[in-house]
Amino acid sequence: MYNNNALLRLLGLALGLVTVSMMASASAAEKPNFLLIVADDLGYSDIGAFGGEIETPTLDALADEGIRMTNFHTAPTCSPTRSMLLSGTDSHQAGMGNMAELLTSEQKGKPGYEGYLNDLVATLPEVLRDNGYSTSIAGKWHLGRTEELSPAARGFDHSYIMVQGGASHFDDARAIIGVDPKAIYRENGKQVEVPKEFFSSDFYTDKVISYIEAAGDKPFFTFLSFTAPHWPLHAPDSYIEKYAGRYDEGYEAIRQQRLGKMKEMGLIGHKLASNLPFNQLPSWDELTDEQRKTEARKMEIYAAMVDSMDDNIARVLEHLEKTGELDNTVVMFMSDNGADGNSPEVLPGNKAWIANEYDNSYENMGRPNSYVWYGAQWGQVGATPFPMWKGFPSEGGLVVPVILSLPGDGRKGDITHEFFHVMDIMPTFLELAGIEKPSSPYKGREIFEMQGVSMLPGLDGNAPQDRVVGWELFGRSAVRVGDWKIRLLEAPYGPGQWQLFNLAEDPTETTNLASEEPEKLKELVAQWDTYVSRNGVFPADPEDMKKVGYSFTTCLYGKCVE
């Protein structure tokens, strides 16, 4: 296994070799490689470099030699984020105005609501491949189900992906919703079956390493798209047992430990969100002994998944070091959205299906034929210090942990609090590769202009001032202009009308200033109207979302947020 000291030494080799400006004007032979690593539903405070107690020595070392971004925003859920990452533009333009599984009747057929990555955008791998790169992906796709919509058709030379949003992490390949019982896997576009002894994080890592080898003399862009730690929570027994007893103190104790560590690291120093999300849900002290035992076990499995993922990242970095490629590789690690505090059990039909089809006894949790998730209270711990979680345009659903390592960059262990967005990845990578942004028409088709901006000026403290960014998903909406933000959440999660926050003073959205700052509210609502018009947004109605099977209910042991 890759040890911490060795990783520090080899990453040190990558720094001071060439400057970023030199890379931007490099010849084809000197173009940087790109390793993009995305975790699925990882919480903001889970890894050690962001205050967590889970053992992640590889990522921690990467942070020590690179840059931590504390204010990096995604979409509230996975597939909209991935569409923006790969296109550099808003998800409503890229085809993911809503998740494919949850399109309402009013949204179906509307431009931007195709439910897959559409042809109105040029993709990052497509542009890189057209400029001499070898491109590859292994892991989660969730941007189109058919061969014609697979990575093989969207710019990837090599691919082995899971089509859906989640599945068993073992070789049984069971999907996560009853209407779609089997996961679909595609290799270079063709449907395949996963091999025996498959475990998701191990297998995707093996594939990525083989794809890097297949690049030969070409610079490469490879996307390691983990499905961990998305539920169902699964991990090898050895990893699970490593965390036995670690979470017996419960939600609030772990959250306070993380807060303390984050303050020591200089990651936070501001007002914090209220302790845990809703007093309607049971606290740790209100649970029975048996319930606490089960809840602790869920988090032990979750931690095991993250630990296993970290070990696999080490394997990739070790391979790059052995082949002499690490000193010319941009490495970026991130999560695709905030921690997932939702309750799959309350989706229509899921409760009976899970109870009848799976063995969720304490002894079998985390093993094949189990189906568990960690729920709202652990989800809020994962989102520390921010409020809410995946599915919400609150900071807890949008802000994710990001680590960036740039060859030739001298900022070791730096922390930046500048605002960045997932749309910024494509223009940043293109600038580092010395490649011009794609313009319309591109390869004979009209495309949208990228809305993202290069992160390189922001990393030097020159981020755009008063940048306007919007979000909409499931009828939940937000707009940010500089440090000001408006947010719209339906009851019981919000008042059903716009709230206004000054994130410079109140980054955890504790104080609604809508009544005190009516002119600022009016200004941002006008920006919302512009965002809707520019991106062709058709906001969903929460009642319609219920009809298509999305639960707006958060529950724990029979108690629900109402």
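Reader: At roughly what angle do the axes of helix 7 and helix 10 cross?

Author: Helix 7 (residues 200–214) and helix 10 (residues 289–322) cross at roughly 15°, and their axes come within 9 Å. Helices (H or I, at least four residues) and strands (E, at least two) are DSSP runs numbered from the N terminus. Axes are lines fitted to C-alpha atoms, for helices over the stretch in contact, with angles from 0 to 180 degrees between N-to-C directions. The model is predicted: local features need pLDDT of at least 70, side-chain atom pairs count only at pLDDT 80 or more, and totals for chains, interfaces and linings use all residues. Residues are numbered from 1 along each chain as its sequence is written, and side-chain values use heavy atoms, leaving out hydrogens and water.

Reader: How are helix 7 and helix 10 oriented to each other?

Author: They are therefore roughly parallel (angles under 35 degrees; over 145 is roughly antiparallel, 65 to 115 roughly perpendicular, the rest oblique).

Reader: Which residues of helix 7 and helix 10 meet?

Author: In helix 7, they include Val208, Ile209 and Ile212; in helix 10, Val316 and Leu320 are among them. Meeting means contact, with heavy atoms within 4.5 Å. By class, this contact has five nonpolar, five polar and four charged residues. Nonpolar covers Ala, Val, Leu, Ile, Met, Phe, Trp, Tyr, Cys and Pro; charged covers Asp, Glu, Lys and Arg; the others, Gly among them, are polar.

Reader: Where do helix 9 and helix 12 meet?

Author: Tyr251, Ile254, Arg255 and Arg258 in helix 9 touch Gln377, Trp378, Gln380, Val381 and Gly382 in helix 12. That contact divides into four nonpolar, three polar and two charged residues. The axes of helix 9 (residues 251–265) and helix 12 (residues 375–382) come within 9 Å and cross at roughly 10°. The pair is therefore roughly parallel too.

Reader: Which peptide bonds into proline are cis?

Author: Most peptide bonds are trans. Here, tryptophan 231 to proline 232 is cis, with omega about 5°. Proline 232 sits in the loop between strand 7 (220–225) and helix 8 (237–242). Threonine 384 to proline 385 is also cis, with omega near 5°. Proline 385 lies in the loop between helix 12 and helix 13 (395–398).

Reader: What is the phi of lysine 443?

Author: Most residues other than glycine have a negative phi. Lysine 443 has a positive phi of about 55°. Its place is the loop between helix 14 (425–432) and helix 15 (456–459).
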